[in-house]
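Hi,

Here is the structure I said I would pass on.

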Amino acid sequence: MAPKAAITAVGGYVPEYRLTNKILETMVDTSDEWIISRTGIEERRILKGEGLGTSFMGLKAIDELLQKRGIKGAEIDAVVFCTTTGDMPVAANAAYVCSEIGADHAFGFDLQAACSGFLYGLFTGSQYIETGKFKKVLVVGADKMSSIIDYQDRTTCIIFGDGAGAVLLEPNEEGLGLQDSILRSDGSGREFLYIKAGGSMYPASEESVAKREHFVHQEGQQVFKFAVTNMAEVSARIMERNNLKADDVAFLVPHQANKRIIDATAKRMGIGPEKVMLNIHRYGNTTNGTLPLCLWDYEKQLKKGDNLIFSAFGGGFTWGSIYLSWAYDPA
Ligand code: UT7
């Protein structure tokens, strides 16, 4: 039997600085009450410091992971670095990370699928394990969203934050690990969530900077409608096709974009709030960071054999769900 790809360690990192709703009230026309009732967010973390990019946070998460697992970076075979905010437009974070941790026989690449990046990355990394070709694959989800957010735009600046998480994938012969996945995309959604300039269609120019076109633009209501429907639908479908009842699911691991989207997904799956990983109130939407940061926060509550349903929706549009059996007990 081919091995399954199991998560065998988790690491995480969030910057120290807390951007609270109260502080945002002094920056844009908003209120703590509005933000909490519409999104569930109370504060987010922001990475401060000249010249620090996404790899800085990713490396912190990886360092913690390697320490917990008791292995050296040299043992890593591949790095999938999921991010929408690479350190630079060219020169992949993954290559830099491989060198920094001493993974000298590894290969690595960055994966960009907006808020579904880590979900796609978890699937992609798993394939390298399932083929038997590789034994230790790092999947990192990290974003410095503060680098692409317009702090004059109240419809986006209240949502996003910075953070990073990482998981290690290894072969499992007991049948634990990734069981099933549904990954989807729909390019008609790109008119509702995008950064207009800085790519090949509209390269950076003085005009693009003046028009603030290097920041995230989101039609919130439109994205909300698609997110609510699609995240709930794939999560319910992956349960159905694996004959999982609500009692069989230990936790939903949902992308943290809006608490109302998470609640709707859990409701559709028929699971109660006690089975929903939630940290949006503390970190906001960290894009590629949300899923691994959920695992980081809930790791101590997870037991070997627990069934987890991951679910995400993001720009593109991209979305999907993964069913994974947890492979270890708390230390
Ligand atoms: O992670 C990637 C995928 N992204 C998502 O899943 C995000 C999906 N969208 C959302 O989560 C929500 O649409 C938002 C949180 C972005 C916005 O919430 P909403 O309930 O859809 O608000 P809305 O856009 O319908 O705006 C309602 C009102 C508007 O005022 P009027 O037109 O009713 O007078 C907005 O101008 O709230 C106003 N508003 C605000 N008021 C206070 C918008 N942003 C704010 C704000 N503070 N920050």
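Let's start with alanine 74, which sits in the loop between helix H3 (54-69) and strand E4 (78-82). One thing to keep in mind throughout: this is a predicted model. Is alanine 74 buried or partly exposed? With a relative accessibility of 37%, alanine 74 counts as partly exposed; the cut-off for buried is under 20%. Setting aside the neighbours within four places in sequence, alanine 74 is in contact with Ile101, Gly102, Ala103 and His105. If you want a distance to check on screen, go from alanine 74 to alanine 61: they are 13 residues apart in sequence, and their C-alpha atoms are 16 Å apart in space.

**The whole chain**

Now zoom out. The protein chain has 11 helices and 13 strands. Its C-alpha atoms fill a box of roughly 55 × 45 × 35 Å along the principal axes. How does the radius of gyration fit with a compact globule? For 331 residues, such a globule would come out near 20 Å, and the protein chain has 19 Å, so the two agree.

Of those 331 residues, 55% count as buried. If you take contacts between residues at least 6 apart in sequence, 76% of them join residues at least 24 apart. The accessible surface of the chain comes to about 14,400 Å², and 50% of that belongs to carbon and sulfur atoms. On the charge side, there are 34 positive and 41 negative side chains, and the centres of the two sets lie 3 Å apart.

**Two strands to look at**

Eight of its 10 residues are buried, so E1 is largely enclosed by the rest of the structure. Its partner is strand E7 (residues 162-172): the two run antiparallel and are joined by nine bridges. To find the pairing by eye, look for glycine 11, which stands opposite alanine 166 in E7.

Then try strand E11 (residues 251-254). Phe251 and Val253 point one way from E11, Leu252 and Pro254 point the other way, and all are buried. E11 pairs with strand E12 (residues 307-314) in the parallel sense, over four bridges. Here the spot to look for is phenylalanine 251, which stands opposite leucine 308 in E12.

Which peptide bond is cis here? That would be the one from glycine 316 to phenylalanine 317, with omega near -5°. Phenylalanine 317 belongs to the loop between E12 and strand E13 (318-325).

Next, arginine 212 has a positive phi of about 55°, although it is not a glycine. You will find arginine 212 in the loop between helix H7 (206-210) and strand E10 (217-218). Arginine 212 is partly exposed, at a relative accessible area of 34%.

Threonine 287 is not a glycine either, yet its phi is positive, at about 60°. This threonine 287 lies in the loop between helix H10 (280-283) and helix H11 (290-298). How accessible is threonine 287? Its relative accessibility is 3%, so threonine 287 counts as buried.

Cheers

Note on methods: Residues numbered from 1 in each chain as written. Predicted model: local features only at pLDDT ≥ 70, side-chain atom pairs only at ≥ 80, totals over all residues. Heavy atoms only, no water. Buried < 20%, exposed > 50% of the residue type's maximum accessible area, 1.4 Å probe, protein only. Pairing = 2+ DSSP bridges. Rg over C-alpha atoms; globule rule 2.2 N^0.38 Å. Contact = heavy atoms within 4.5 Å. Areas by Shrake-Rupley, 256 points an atom, 1.4 Å probe, with all protein chains shown as cover. Lys, Arg positive; Asp, Glu negative; His and termini not counted. Charge placed at Lys NZ, Arg CZ, Asp CG, Glu CD.
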